[in-house]
Each structure stands twice: as structure tokens, then as C-alpha cells.
Amino acid sequence: MSTPSIRGFVLAFFLFAFVPSLSISNLVAGQVHEEEVQPVYMSLHSKQTRRNQPEGLMTVEICKNCVDPSSEGSHIEGLNAYQGPQDFAVQSEIVYAIPNDGSRAPMNRGQLEGKIALFDRGTVALVEKVLHAQNAGALGVVLIDDGTCTDEKFTHCGMAGRLSDGGFARNDMFDKWKNVKIPALFITEMSGQRILNLMHLESIHIPGFGDHWKNV
């Protein structure tokens with residue numbers, strides 16, 4: 001599970017425990033924020049590529065509380081699913097799936113419907129996470145690497161593959177990917193942290209599944 005600073009979490013816990021009037025909705029990613037909770041949006045578009053960009057590498061836009069991330073957002077690069085849809089245009093709010101690692105069907109299915117689902121890489125097959133999100137009604141998926149990728153250029157990302165493959169999970173069996181109808185993007189741990197830093201999150205404990213983050 002990606003974690004904000006321990007110091008921030010301890011501060012938030014202290015304030016919540018000793019200041020009764022403080023709402024838990026103000027405990028945002030382990031820190032206390034007074035501003036109104038604002039959603040983070042992403043634009044996933046198969047045509048969003050930069051000049052001379054390698055095959056399989058996509059440029060997406062994210063922004064906080066904006067109308068059109070494709071025109072207002074900041075850029076993040078990621079690998080498209082090699083065996084997933086290649087022609088798509090999705091724009092919606094980003095919601096962290098629970099459990100964050102996609103080790104089972106999402107417990108926050110209602111939150112994911114019509115949204116872009118966010119998952120940690122973990123040990124579960126990437127295609128399984130995508131199918132979990134699709135079955136929950138999500139429009140797209142973003143998968144955050146756990147540091148396995150050797151660099152920000154996707155030179156080598158373990159079983160997920162590499163940029164030179166033309167997309168992630170190229171060597172997976174096609175049997176499950178053939179059922180995938182929504183776009184999926186694989187991003188580096190650093191890019192994932194950029195997204196998480198924008199999101200309003202709170203920590204929850206799920207018996208049997210441990211600690212996870214959820215959208216406020």
C-alpha cells in the first residue's frame with residue numbers, strides 16, 4: 001500500500017483523537033486540510049501521444065477539480081495494455097479500488113462505476129485487476145508500479161514487460177485479455193505518487209486484508 005509520510009499520519013491521528021470537532025473527512029492522505037474535498041480527474045485517450053513517441057507509450061492528463069483534464073491537466077506517461085483496447089477515449093474521476101491491490105472483487109463497487117479505477121501493482125495478475133474494475137462498471141484502469149520498474153522509462157518492469165514490448169503484459173495468455181473491453185494504463189511508482197498526492201484519501205483497516213486507502 002502506498003503511504004504518505006508517517007509524521008503527517010501521526011499528526012492527523014493526534015488531532016482527530018483530541019479535537020472532537022474535527023471531521024474524519026478532513027484527514028486527507030494522513031494530513032489535515034481545511035479546503036473542500038476536490039476530485040482528481042484523468043483523460044485517457046488512445047490518440048494522446050507526443051511526437052515521435054514509442055509504440056505502446058501513452059501520455060495522459062490529470063487535474064484536480066477541473067472541467068477538462070485534456071486541456072487543463074498535467075502530463076503523465078504510461079504503458080497501454082498490449083492486449084487491451086487500442087482505440088478509446090475516457091475521461092472521469094479517479095477512484096482508489098478497495099482492496100488497493102485488487103486481490104479480490106472491489107468492496108467499493110458503487111464508487112467505481114463510471115469512474116477510472118486505481119490499483120497498486122501487488123502480486124495479483126494485472127489482467128485480474130482490470131477485469132475486477134470492468135465488472136464493477138469502471139470506464140478505465142490505472143495500475144501503479146511498486147518499484148519493480150528499473151527507471152521512469154519502463155526499460156524493464158519485471159513480468160509486466162518493458163517499453164520495447166509495445167505495451168505492458170505482452171506475454172500474458174490471451175485467454176483472459178480477450179474479455180477486457182476497457183483501457184488500462186501502467187504507470188511508474190513515481191507517477192503514481194503524483195496522483196496520490198492530489199487525491200483526498202483516508203486510511204481504513206479491513207479484517208483479513210490489512211490497511212488500505214479510500215477516497216474521502
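Strand S7 (116-120), strand S8 (140-144), helix H5 (174-177) and strand S9 (184-187) are among the elements that cover the buried residues of helix H4; cover here rests on contact, meaning heavy atoms within 4.5 Å. Helices (H or I, at least four residues) and strands (E, at least two) are DSSP runs numbered from the N terminus.

This is a predicted model, in which local features need pLDDT of at least 70 and side-chain atom pairs count only at pLDDT 80 or more, while totals for chains, interfaces and linings use all residues. Residues are numbered from 1 along each chain as its sequence is written, and side-chain values use heavy atoms, with hydrogens and water left out.

Helix H4 spans residues 126-135 and is largely enclosed by the rest of the structure, because eight of its ten residues are buried. Buried means under 20% relative accessible area, exposed over 50%, and partly exposed in between (1.4 Å probe, protein chains only). The buried residues of H4 are Leu126, Val127, Lys129, Val130, Leu131, His132, Ala133 and Gln134. Gly137, which follows H4, has a positive phi near 95°.

The whole structure holds two disulfides, a disulfide being a pair of cysteine sulfur atoms within 2.5 Å.

| Disulfide | S to S distance |
|---|---|
| Cys63 to Cys66 | 1.5 Å |
| Cys149 to Cys157 | 2.1 Å |

With the bonded cysteines of the protein chain numbered in sequence order, the pairing reads 1-2, 3-4. Cys63 and Cys66 are both buried. The link of Cys149 and Cys157 is right-handed, with 110° about the S-S bond. Cys149 counts as buried because its relative accessibility is 10%, and Cys157 is buried with a relative accessible area of 1%.
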